[in-house]
Amino acid sequence: MTVPPVQAPPPRRTIKSWLVPLIIGLVIGGSCVTCARFPGPSGEEVVPGSDVRVGVVELTGPIAEVSKVVRHVRTFARRDDLAALVVRIDSPGGSVAPSQEVFEAMRYASESMPVVASMGTVAASGGFWIALAGDWVVASPGSITGSIGVITQVPDLRGLADRIDFRLRTFKSGEVKDLGNPLREVTEADAAVFNQLIDDVYDQFVSTTAERRGLSRSAVEAVADGRILTGRDAKAAGLVDELGGLYTAARRAVIMSRTREGTETSTSTADVMDPTLVYPRDGASEFLELLQSSVRDGLANGVERVLGDGPSGGGVELR
């Protein structure tokens with residue numbers, strides 16, 4: 001009978017043995033995060049590219065409160081270090097006046113630099129109205145856009161009020177002062193006010209589209225029945241200039257900037273390097289968020305290197 005040799009147990013890892021590689025992993029992992037997007041000297045977020053810098057302002061979600069977007073657009077318009085501006089739109093629409101506010105800010109910016117509108121997943125209704133302010137409009141083939149139209153809705157809660165025996169007593173100075181009251185029937189006077197309001201805003205929408213896209217009113221009205229369009233259909237209808245994503249829009253902005261200066265001869269975005277993208281930041285709090293994200297990801301990479309059994313890439317993610 002052969003007795004197998006006795007093997008010594010593996011040495012226990014001391015604090016020093018795992019602390020050093022953990023710190024190294026933290027530094028390496030953190031640097032990998034910050035090399036993609038990092039805070040610039042003015043507090044903005046920068047995505048490195050060529051020596052040409054293009055500002056990017058993002059408008060996402062329903063359009064209601066737009067003061068921050070307007071401020072960023074107008075601030076970037078006064079920056080001498082930016083060659084152009086891209087407004088990235090990912091919005092299903094929203095209120096009329098805020099859409100017009102962003103439109104006005106973009107036209108202001110266009111006086112000092114080219115402004116390109118870039119459509120993301122969706123840039124419809126008010127989002128499309130904002131895109132009209134661009135000197136050039138870029139959409140992905142599958143972007144959802146259009147929806148040229150105006151809508152308002154008034155709920156009818158009379159049945160519910162009757163069921164719970166609820167009554168609302170209203171005292172008003174005029175017949176339509178409580179316009180939209182969900183606890184009374186819509187009158188002919190109410191409908192007249194609503195329809196006049198909708199017709200006025202619709203006329204503004206169609207007129208702005210025709211003017212900005214160089215189309216006849218009849219051509220716009222043919223697609224201005226509230227329908228949505230893909231980016232490809234919108235280009236065929238003359239509502240979009242070019243198909244592509246954010247970097248197509250950024251490279252087009254560079255070409256337009258050079259054209260203004262009289263130094264550009266090519267019109268192909270394939271001939272232009274990706275510019276450095278500059279995103280506005282709101283100050284120290286956002287810098288701390290980026291720093292915390294960098295440390296968190298770096299710590300995860302460091303732990304993975306210490307344990308030695310984590311996946312080298314991919315894996316399950318929680319988002």
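Which residue is the bridge partner of Arg-53 in β10? In this predicted model, that partner is Thr-276. The bridge belongs to the pairing of strand β3, residues 53-60, with strand β10, residues 276-279, which runs in the parallel sense over 3 bridges.

Strand β3 also pairs with strand β4, residues 84-91; this pairing is parallel and extends over 7 bridges. Within it, Glu-58 stands opposite Arg-88 of β4.

Helix α2 is in turn packed with helix α3, residues 96-110: the two axes come within 9 Å and cross at roughly 5 degrees. Because angles under 35 degrees count as roughly parallel, α2 is described as roughly parallel to α3. On the α2 side the contact is made by Val-69, Val-70, Val-73, Arg-74 and Ala-77. These residues meet Glu-101, Val-102, Ala-105, Met-106, Tyr-108 and Ala-109 of α3. By class, the residues of the α2 contact with α3 comprise 9 nonpolar, no polar and 2 charged.

For the chain as a whole, 10 helices and 10 strands are assigned. The chain has 319 residues, of which 38% count as buried. Among contacts with a separation of 6 or more, 72% are accounted for by residues 24 or more positions apart.

Notes:
Residues are numbered from 1 along each chain as its sequence is written. This is a predicted model: local features need pLDDT of at least 70, side-chain atom pairs count only at pLDDT 80 or more; totals for chains, interfaces and linings use all residues. Side-chain values use heavy atoms; hydrogens and water are left out. Two strands pair if DSSP finds at least two bridges between them. Helices (H or I, at least four residues) and strands (E, at least two) are DSSP runs, numbered from the N terminus. Axes are lines fitted to C-alpha atoms, for helices over the stretch in contact, and angles run from 0 to 180 degrees between N-to-C directions. Angles under 35 degrees count as roughly parallel, over 145 as roughly antiparallel, 65 to 115 as roughly perpendicular and the rest as oblique. Contact means heavy atoms within 4.5 Å. Ala, Val, Leu, Ile, Met, Phe, Trp, Tyr, Cys and Pro count as nonpolar, Asp, Glu, Lys and Arg as charged, and the others, Gly among them, as polar. Buried means under 20% relative accessible area, exposed over 50%, partly exposed in between (1.4 Å probe, protein chains only).
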